Amino acid sequence: MQIPTIQIADIVLPGGKSILELDVPADEKLRRFGEATIAVILDYPDHVWVFMHERRTLTDEVGNRFRQQRRTYEDQLASILDEGRTAGLFEFEDLRLTVLAWFGLHNYTYQWLRREGRL
């Protein structure tokens, strides 16, 4: 059985990689990365729900693969944030905390964001 979160990771990782390769300022990369993350949440709300509620139950090879993919996606964001900080576009002290905060803001939009709704 294919785990839905793996399918989502298979979508977001290439998208993140292509954003990193763009020749645009880091603030534009960050905007596009956010839009891509939200698009996946809108396109696969049920899969995101499963991920948010069941991800810690993934074990063995599937769990290890998922954790590696999650780290890669977090590293993609960290790269954009660090690039922006170096360019003077972003100001923050703790890169890891900033990555976690950014994902916290985006990942939980599945609870309230709907294409057809007011939000």
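Let's start at E74, which counts as buried because its relative accessibility is 12%, below the 20% cut-off for that label. Keep in mind as you look around that this is a predicted model.

E74 has a charged partner: its side chain meets that of R70 in a salt bridge, at 3.8 Å from N to O. Both residues sit in helix α4, which covers residues 60–86, and they are 4 residues apart, about one turn of the helix. R70 has a relative accessible area of 28%, so this residue is partly exposed.

Now move to a group of linked charges. Salt bridges that share partners join E28, R31, R32 and E35 into one network. Within helix α2, R32 and E28 are 4 residues apart, about one turn, and their closest N and O atoms lie 2.7 Å from each other in a salt bridge. R31 forms a salt bridge with E35, with 2.5 Å between the closest N and O atoms. This pair, too, is separated by about one helical turn, because R31 and E35 are 4 residues apart in helix α2. How exposed are these side chains? R32 is partly exposed at 32%, R31 is partly exposed at 40%, and E35 is partly exposed at 46%. In total, the structure holds 10 salt bridges.

Finally, stay in helix α2, residues 26–43, and find K29. The K29 side chain reaches the backbone oxygen of L22 at 3.4 Å. Beyond its neighbours within four places in sequence, K29 is in contact with I19, L20, L22, V24, I80 and E83.

Definitions and conventions. Residues numbered from 1 in each chain as written. Predicted model: local features only at pLDDT ≥ 70, side-chain atom pairs only at ≥ 80, totals over all residues. Heavy atoms only, no water. Helix = DSSP H or I, 4+ residues; strand = E, 2+ residues; numbered from the N terminus. Polar contact = N/O pair within 3.5 Å; in protein donor to acceptor, adjacent residues only side chain to side chain. Contact = heavy atoms within 4.5 Å. Salt bridge = Lys/Arg side-chain N within 4 Å of Asp/Glu carboxyl O. Buried < 20%, exposed > 50% of the residue type's maximum accessible area, 1.4 Å probe, protein only.
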